[in-house]
Amino acid sequence: MALFDSAPGSFSDSTPMLDLVRQHREEIASHMVARLAESDEFAQMMERNFGPYQRLMTYYECAMMEVETKFRVLDAEYGLQHDRNPIESIKTRLKSTDSLAKKLVRKGLPVSVESVERNIYDVAGVRVVCTFPEDMFSLAEALLAQDDVKLIERRDYVANPKPSGYRSLHLIVEIPIFLQKEKRLVKVEVQLRTISMNFWASLEHQLRYKKGLDEKTAAAVAAELADLAEVSANMDARMQALRNYLDGMEEE
């Protein structure tokens with residue numbers, strides 16, 4: 001299955017430098033993972049852990065299916081009650097082996113199956129794209145109200161967008177999956193976005209990381225993207241207000 005800090009505004013001059021730091025950190029992690037991959041010890045470790053790793057990834061796939069099903073049930077119920085569906089699309093993704101190894105190396109953690117399960121909370125991801133901002137929070141509340149869902153972490157990048165302008169509601173939840181002879185608790189990252197938030201995030205990823213941009217151009221691109229995020233958020237707010245107005249008329 002595949003996918004997938006402060007107030008908003010224009011980027012400061014330091015933002016491109018932060019991007020360079022992140023890029024440098026990623027290059028170091030890639031280099032270290034490549035060196036590990038060339039070693040006999042790493043090859044032997046992968047051979048020993050291939051079965052357990054595949055089994056763990058299957059657990060995460062099952063957990064993603066559980067979460068996706070929960071959202072589809074909520075969407076269907078909402079459609080019956082309100083004659084419209086709050087979910088535009090649902091996508092799932094598992095982090096690749098390479099991404100997991102890099103993340104463990106960056107964190108200074110052992111590169112092992114046990115380390116992945118214990119330390120990485122976003123191995124499995126479910127992205128829910130909603131029609132209106134209020135739908136995101138209603139769906140999140142309904143999910144967390146279920147007695148088999150435990151909230152581990154919540155990050156509201158709608159109320160507190162990232163400096164880039166990125167907006168989304170992130171939840172780390174833990175849910176049970178029921179196997180033939182056991183029950184396991186598995187963590188899943190849930191991202192809830194509106195259509196416009198998802199549109200901005202998808203294109204921002206393409207535009208921000210164009211190679212070969214000098215620092216001045218990169219700063220200008222970052223500032224324009226942050227401004228477009230504000231435009232997108234304003235459109236969401238206006239669409240929500242229009243939706244509420246029409247709903248109010250129907251109730252009269």
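What you're looking at is a predicted model, in which local features need pLDDT of at least 70, side-chain atom pairs count only at pLDDT 80 or more, and totals for chains, interfaces and linings use all residues. Residues are numbered from 1 along each chain as its sequence is written, and side-chain values use heavy atoms, with hydrogens and water left out.

Start with the overall layout. The chain has seven helices and five strands, taking helices as DSSP runs of H or I with at least four residues and strands as runs of E with at least two, numbered from the N terminus. Reading from that end, the order is α-α-β-α-α-β-α-β-β-β-α-α. Of the 252 residues, 40% are buried (buried is under 20% relative accessible area, exposed over 50%, partly exposed in between, with a 1.4 Å probe and protein chains only).

Now go to the last two helices. The axes of α6 (residues 195-208) and α7 (residues 215-251) come within 10 Å and cross at roughly 170°; axes here are lines fitted to C-alpha atoms, for helices over the stretch in contact, and angles run from 0 to 180 degrees between N-to-C directions. The two helices are therefore roughly antiparallel. On the α6 side, the contact (heavy atoms within 4.5 Å) includes Met197, Trp200 and Leu207, while α7 brings in Leu225, Leu228 and Met235, among others.

Next, helix α5 (residues 133-144). Its twelve residues should span 16 Å at 1.5 Å a residue, and its end C-alpha atoms are 17 Å apart, which agrees; the expected span is 1.5 Å times one less than the number of residues. Pro133, Asp135, Met136, Leu139, Ala140 and Leu143 are buried in α5. Viewed down the axis, these buried residues fall within an arc of 160°, so they line one face of the helix, the arc being that of the directions from the helix axis to the C-beta atoms.

Asp148 is partly exposed, at 28% relative accessible area, and touches Lys70, Glu174, Ile175 and Pro176, leaving aside residues up to four places away in sequence.

Finally, look at Lys103 in helix α3 (residues 97-106). Is Lys103 buried or exposed? Lys103 is buried, with a relative accessible area of 19%. With residues up to four places away in sequence not counted, Lys103 touches Lys95, Ile120 and Asp122.

How values were computed
Parallel < 35°, antiparallel > 145°, perpendicular 65-115°, else oblique.
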